[in-house]
Amino acid sequence: MGKIKISAGFRIILFVLGFILVAAQKIPTTLDGPFQPVTQRFDSSLRLGSDDLPMDHPRLKRNVTGMFPEQIALALSTPTSMWISWITGDAQIGLNVAALDPSTVASEVWYGKESGKYTMNKTGVSLVYNQLYPYEGLWNYTSGIIHHVRIEGLEPETKYYYKCGDSSLAAASEEFVFETLPLPSPNNYPPRIAVVGDLGLTSNSSTTIDHLTSNDPSIILMVGDLTYANQYLTTGGKGASCFSCQFPDAPIRETYQPRWDGWRRFMEPLISRVPMMVVEGNHEIEPQAAGVTFKSYLSRFSVPSNESGSNSNFYYSFDAGGAHFIMLGAYTDYNQTGIQYAWLKDDLHKIDRSVTPWVVAAWHPPWYNSYSSHYQEFECMRLQMEELLYQYGIDIVFSGHVS
């Protein structure tokens with residue numbers, strides 16, 4: 001049987017025709033569903049569990065005295081500015097606690113392009129927060145003094161050296177260094193972006209952070225459920241592994257807030273030099289007296305909420321080189337008649353794809369999953385927001401929550 005020869009030109013014509021035929025067919029989206037799910041059963045042997053790190057673990061212990069800074073962390077503000085946060089003073093936990101006075105310690109940052117030469121300085125704000133429980137026997141908590149300072153005038157892709165503290169008390173941190181990200185541009189991107197969720201403070205957390213650190217990321221997305229302070233075994237100050245057994249009549253579950261301090265010490269070697277962008281998860285709700293929620297999350301972290309026009313730490317956006325990141329709040333109002341939806345629509349409309357071609361969104365609970373405990377848990381959020389995200393061509397979504 002004779003062979004048929006196909007010229008190179010004819011091959012190109014066939015390829016183009018095939019491409020046109022494929023392109024003409026509409027690629028279905030989740031909006032066209034529901035579809036028969038395609039999934040694979042989870043291998044339960046992979047869920048081995050991990051022990052909590054004890055509070056006296058070397059990576060969790062307080063290693064400074066007096067009003068010297070600790071728990072130092074970075075967060076992006078704008079392409080030319082950075083948030084620096086830290087804590088001074090002792091937190092207190094017990095039946096009777098007295099809050100520290102934030103006005104007794106200044107919030108100062110000194111920074112420059114050469115080690116030991118700080119040509120610029122900025123001051124910021126400070127606060128304390130309380131976690132209080134309306135039930136006899138539960139332990140209350142008051143934080144150390146939390147400082148937030150925004151430093152400005154930063155050049156792109158440049159190393160900056162900094163210290164933080166209070167010059168009047170001669171209480172300054174050691175020197176730290178970070179490198180700024182490239183300016184928004186279709187040709188410049190952070191070399192490596194780390195995405196972490198549901199981290200906790202266990203032996204597995206140590207392995208995760210050690211691995212992440214060894215890969216030298218330029219920025220970290222932390223997609224909720226940070227410390228699991230609301231599940232730490234020593235709640236109630238009784239070492240009670242079964243909270244409901246020890247306190248059957250308590251109206252709300254206590255959280256062990258020192259876990260937050262331990263977590264920030266655990267993370268400091270990394271997030272004092274690499275900006276970490278957080279968004280809330282369900283384990284950050286932490287209800288307390290008078291219906292107050294999310295107090296530790298809202299107090300401890302700086303995010304570019306005002307800079308991105310959201311004015312809410314629950315949702316915001318920022319640029320990192322040629323990528324625009326949108327952090328959405330699943331535990332605040334997401335209805336189409338609400339403030340977050342209006343902000344999201346405006347934020348998406350303002351994106352210039354010729355400057356930031358990639359658009360990445362992140363929120364804690366995934367809209368699609370087959371995990372029985374969280375199946376369709378945030379179907380209402382999906383119905384409110386999904387079509388808008390498709391309309392503006394979101395490229396990537398990151399979530400946590402399921403395991």
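Modeller: Let's begin with a term. Two rings of Phe, Tyr or Trp count as an aromatic pair if their centres lie within 6.5 Å, taking the six-membered ring for Trp. Keep in mind that this is a predicted model.

Colleague: Okay. How many aromatic pairs does a search of the whole structure find?

Modeller: The search gives 15 aromatic pairs.

Colleague: Pick one. How are the rings of tyrosine 129 and tyrosine 141 placed?

Modeller: Their centres are 5.8 Å apart and their planes meet at 45°. Planes under 30 degrees apart count as stacked and over 60 as edge-to-face, with the rest tilted. So the pair is tilted.

Colleague: Where do tyrosine 129 and tyrosine 141 lie?

Modeller: Tyrosine 129 is in the loop between strand S6 (125-127) and strand S7 (130-131). Tyrosine 141 is in strand S8 (residues 140-142). The pair therefore ties together parts that are twelve residues apart in sequence.

Colleague: Are tyrosine 129 and tyrosine 141 buried or exposed?

Modeller: Both are buried.

Colleague: And which residues form an aromatic cluster?

Modeller: One cluster is made of Trp260, Phe294, Tyr297, Phe301 and Phe314.

Colleague: Back to S8. What stands opposite tyrosine 141?

Modeller: Glutamine 131 does. S7 and S8 run antiparallel, joined by two bridges. They belong to an open sheet of three strands, in the order S3-S8-S7, with antiparallel pairing. Strand S3 (92-94) and S7 are the edge strands, each pairing on one side only.

Colleague: What about strand S9? Is S9 mostly covered or mostly exposed?

Modeller: Mostly covered. Strand S9 covers residues 145-151, and six of its seven residues are buried.

Colleague: Which strands pair with S9?

Modeller: Strand S2 (residues 81-88) pairs with S9 in the antiparallel sense over seven bridges. S6 also runs antiparallel to S9, joined by three bridges. Look at histidine 148 in S9. Histidine 148 is the bridge partner of serine 85, and also of valine 125.

Colleague: New topic. What is the order of the open sheet of four strands?

Modeller: The order is S16-S17-S18-S19, and the pairing is mixed. Strand S16 (316-320) and strand S19 (396-398) stand at the edges. Each has a single partner strand, so one side of each is left without a neighbour in the sheet. On average, neighbouring strands here are turned by 20° against each other, direction ignored.

Colleague: How do S17 and S18 run?

Modeller: They run parallel. Five bridges join strand S17 (residues 323-327) to strand S18 (residues 358-362). For example, alanine 323 has tryptophan 358 in S18 as its bridge partner.

Colleague: Which strands does H6 touch?

Modeller: H6 packs on the sheet and touches S16 and S17. The direction of H6 makes about 180° with that of S17.

Colleague: At what angle does H6 pack with H7?

Modeller: About 5°. Helix H6 (residues 339-350) and helix H7 (residues 379-391) have their axes 11 Å apart. Angles under 35 degrees count as roughly parallel, so H6 is roughly parallel to H7.

Colleague: Which residues make that contact?

Modeller: From H6 come Gln340, Tyr341, Leu344, Lys345 and Leu348. From H7 come Gln384, Met385, Leu388 and Leu389. By class, the contact has six nonpolar, two polar and one charged.

Colleague: How do H2 and H4 pack?

Modeller: Helix H2 (residues 203-214) and helix H4 (residues 258-271) pack at about 10°, with axes 10 Å apart. That makes them roughly parallel. Ser205, Ser206, Ile209, Leu212 and Thr213 of H2 meet Phe266, Met267 and Leu270 of H4. Five of the residues in this contact are nonpolar, three are polar and none is charged.

Colleague: One more spot. Where is serine 310?

Modeller: Serine 310 sits in the loop between helix H5 (295-300) and S16.

Colleague: Why does serine 310 count as buried?

Modeller: Buried means under 20% relative accessible area. Serine 310 has 7%, so it is buried. Leaving aside neighbours within four places in sequence, serine 310 is in contact with Ser305, Tyr315, Tyr316 and Trp343.

Colleague: And how many helices and strands does the protein have?

Modeller: Seven helices and 19 strands. Buried residues make up 45% of the 403 residues.

Key. Residues are numbered from 1 along each chain as its sequence is written. This is a predicted model: local features need pLDDT of at least 70, side-chain atom pairs count only at pLDDT 80 or more; totals for chains, interfaces and linings use all residues. Side-chain values use heavy atoms; hydrogens and water are left out. Axes are lines fitted to C-alpha atoms, for helices over the stretch in contact, and angles run from 0 to 180 degrees between N-to-C directions. Angles under 35 degrees count as roughly parallel, over 145 as roughly antiparallel, 65 to 115 as roughly perpendicular and the rest as oblique. Contact means heavy atoms within 4.5 Å. Ala, Val, Leu, Ile, Met, Phe, Trp, Tyr, Cys and Pro count as nonpolar, Asp, Glu, Lys and Arg as charged, and the others, Gly among them, as polar. Two strands pair if DSSP finds at least two bridges between them. Buried means under 20% relative accessible area, exposed over 50%, partly exposed in between (1.4 Å probe, protein chains only).
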